[in-house]
Amino acid sequence: GSQVSDANAASKRGTPLAEALNQCAHYNVKTRCDGLNALLEIAEVFPGAIRARAVDVVERVGERLADVEREARKAARECLRRGVVPALGAHGLAPFAKTLILYVGAALTHVGAGVRKDAPAALDALLEAAPALVAAHAPASTLGHLGELLRRGDDGGVGTGSSVQRGVGAQKPATRLALLKSTRRFLTTVVDETIGDGAAAKATSAAAALSSTTSTSTSSTTTFVWGDIARDGTSTRVLGALHAERSRRAPPSVMAAHYAAEDGTRDDANSDRTQVNGESRAAVRAHAKRLAELAMLVWDDAAQTLADERGVDVDRVRVMTESMACARLALQLADGADEVEIWDTGGGSTAADIVPQLAKRTLGAFPVSAPASVAEKNDVAKVREAMVALNFETCRLLIAASSSVAHAALVRHLAPVTLEALPHVLSRALQYVTTCLNGIALDGGAVGAAEATEDGAYVELLALARESFSLPPWCFSAPMTGSACAELIGAVTQTWERAVADEDGERVNACVTLLTSVLPEEAQQGYSRIPIETAAGWVRHIPRVLWALKHENPVASQKLLSLLHVVAARNPPGSPLADVLTQCETELAVLFFIVPPPSGSQGAKSRPGPFARLPFACQCSAVQLVGVLPTLTAPTMRSLAKMCLDVDRVNVEIPVVAVEALTSNLLAVPLDLTVSFLATLLAGAPGVGFLEKSSKRNATETRGKSWEMCRRVTPRAGAALVALGDAATPWNGALLASAALRNMWAQRVEQGDVEGAARTAAGFGSLVAYAAEFASAVSSDTNIDDELSSVIPEILAWLILHAEHAEEAATMKRILAAAPQLACPVANEIVANFENKKESTDARDVVERAIQYMSTLIQLDEGGDKASSGGVRKAASALQSLAEKSQNNDVRKLASALKVTIDVVFAGEKH
């Protein structure tokens, strides 16, 4: 609100903010709840007032999180979640994150069992608001508090009955389930921030903090004024002189506190082990390891329900599930942050320690089967659903632990008991994933029916399979684990084939993620995990999937195109993949452009394929496949050329990418297809009026884009054609393409497509320029093939008389400088063309272009070879004579100017 409304902020009952803050500390629980409810109402209506008194509000609400009365604790959590956090926002909450974590820690370690029971809910409220801030402050302490809650249970002791043997206190399943869910959420946040994507952002912010703190020696030099802030003559603080005095002192330096915490991890020269104190990384790992052990103890306590004669209890099954999830996350946090540091500091792998215990605990009960009976008042369907979730979480834990140990076994000597348990644990987990992919998520047992795998579960199952395929290669060849891996590979293959056949988009995307994660590494390492025959079968379906995706899922299309490129680039000659890639190439043609075959029906029209509608990055990936596929056929090259000249849809850089890709893979395509493709790109797109009709086309923009595409691709295509020749036959590339270019140019001229014919002539001129320069550089022979020498003057003369851009004039200068023997033939052809155009409406433009060309010839003759001077003068005189006979006055004036130019230049020569 405005400053006036914030100053008069009050609840619906008229309680002002200052009074509400005072009520939060009242001895009566009802008054405290009224104060917290008033704060919530004020925060929802007047967030500015809460921001102005943020320190007071956070302190009052935080104190109530550990209130002895349940009603006050609940009101405090609601005020925090719905009022304080939205009012302050993530940035406004940052200065108070550590304070709030301390209050939550006080609640987690409170002497009152009821306070401890409700404390995880307060932690959930903070995690929901600002997970990154919660993970950045006191993660080790919070992990320790949560672990202690798991150990103590409800009664604050070590438990009674069976719990004594299992090392955890007795606790009601529903209460323990809530605690485990909160623990899982916190572990997920810490793992994401320290190991996942959040680690990079955290490192960046730490570097920024370091650079900002190096400018000041201590925090006491800060210019920020702490303490009471006067506004309109009144103090904003109402909590007494002691709090105000404490607030006047600047907070300690963040980096100083960080280094103080890190000091707890430094090795003592007189000690055999590293101390674990404070909030260091070693402390986080130690508490995470302890939490993993406690989670397994909780699993032991809840696993009694599987053998309970009264039936299986759904809450206890869910407790087992959550304990497995917590153990997996704690294991990832303990081992995944910095494994090198763990080993170098004398520590051991938590996974290596826990795998033998996992084998002893879980192999006898995993995977669980459908229960013969359930506890009273339990729904059978919910129990079966909970048991499926238990199997899945147990499988995730077993795979994560086995993967960590399997990789560690490559570089470290592990205990014999660990190496003995590892194959059993890993193979059991892989077998369960295989069973689920084959359609059975829960075995029916002796009396029940099997539970089918839900459609939505395949995404997670394929993610587990992807993680399994990252195991070391020795796991795929060992006797026990090798057979399990082979069965899993077969199940993934069947899942991929079914997903493609059924066009199941969600499952196809999951399979695409798996393939793009596994196959590139396999191609690089020589298919040490996945047999190359299996990889070939996976790749075989990619064109069909690309067709199904069309242009609607460019992300998945980009992944598949990149995968094809990597696999084809590393394809061993003669391998099963070579045949599959050849088959894929024939199916890729329609993805570029759907072009009817030359022998097809006359009424069939070409239309763009899915690739023509994809974003630029995807189009580049598709076109770059031309550079790595083992074979390239006519349909593919014809469709690619059609797509490259689709000025309405593709970027002007696509033809350039296509030429570069083709020239890097010339052995995969016959010579005639190479020449035809490059000649087509040199010919360019037709004129705007001769394109397929489109109501969305802007003629001016399309014309400009067509010429831009022509100027971008003609140098590359021309140079590529010239490179097909050698020193002995420098004009060979131009000769091969001349017939196709001449036919295309003549066809467009006959149809009246002057714009398209001009682009074709410009492409041919660029080709001749490159060929002439190459010939002059490598050979002294000036002879040009008769067939080519008859085509060059005809097209170049037409280009001179119709050129509208400076680039064409520059091209002619290059040609005449490298091949002066072409000057006279081109000049004579200009005269022949002019005789047919002298009485037309554009005769003046023709004469102007002819005069410019003649002037260029004269200037070249003055400083160069004089052999062709007579021919040039004769052609210029003939042109001047024809122009003088014109009925157009402007043309006759230009003819007079041309005569003056001839007389001046050739003044010293005899007629």
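**Notebook: a buried arginine and other stops**

I began with arginine 748 and, skipping neighbours within four places in sequence, found it in contact with Ala683, Gly684, Ala685, Pro686, Asp753, Gly756, Ala757 and Thr760. I'm working from a predicted model here. Arginine 748 sits in helix 34, residues 732–751. Does it have a salt bridge or none? I found none, though arginine 748 is buried; aspartate 753, the nearest side chain of opposite charge, is 4.3 Å away, and the cut-off for a salt bridge is 4 Å. What I did find is a side-chain to side-chain polar contact with threonine 760, at 2.9 Å.

Next, the largest nonpolar core. It has 265 residues, and Phe469, Trp538, Val539 and Trp731 touch the most other members. I checked tryptophan 538: beyond its neighbours within four places in sequence, its contacts include Phe469, Trp496, Leu514 and Ile530.

Then helix 10. I compared its span: 14 residues (139–152) at 1.5 Å a residue should give 20 Å, and the end C-alpha atoms are 20 Å apart, so the two agree. Its buried residues include Pro139, Leu143, Gly147 and Leu150.

Last, the loops. Between helix 19 and helix 20 I noted proline 367, joined to phenylalanine 366 by a cis peptide bond with omega about -5 degrees. Lysine 377 is in the loop between helix 19 and helix 20, with a positive phi of about 65 degrees, and is exposed at 82% relative accessible area. Tyrosine 527, in the loop between helix 24 and helix 25, also has a positive phi, near 55 degrees, but tyrosine 527 counts as buried at 11%.

Note on methods
Residues are numbered from 1 along each chain as its sequence is written. This is a predicted model: local features need pLDDT of at least 70, side-chain atom pairs count only at pLDDT 80 or more; totals for chains, interfaces and linings use all residues. Side-chain values use heavy atoms; hydrogens and water are left out. A nonpolar core is a set of buried Ala, Val, Leu, Ile, Met, Phe, Trp, Tyr and Cys residues joined through side-chain atoms within 4.5 Å. Buried means under 20% relative accessible area, exposed over 50%, partly exposed in between (1.4 Å probe, protein chains only). Contact means heavy atoms within 4.5 Å. Helices (H or I, at least four residues) and strands (E, at least two) are DSSP runs, numbered from the N terminus. The expected span of a helix is 1.5 Å times one less than its number of residues. Lys and Arg count as positive and Asp and Glu as negative; His and the chain ends are not counted. A polar contact is a pair of N or O atoms within 3.5 Å; within protein, one must be able to donate a hydrogen and the other to accept it, and residues adjacent in sequence count only if both atoms are side-chain atoms.
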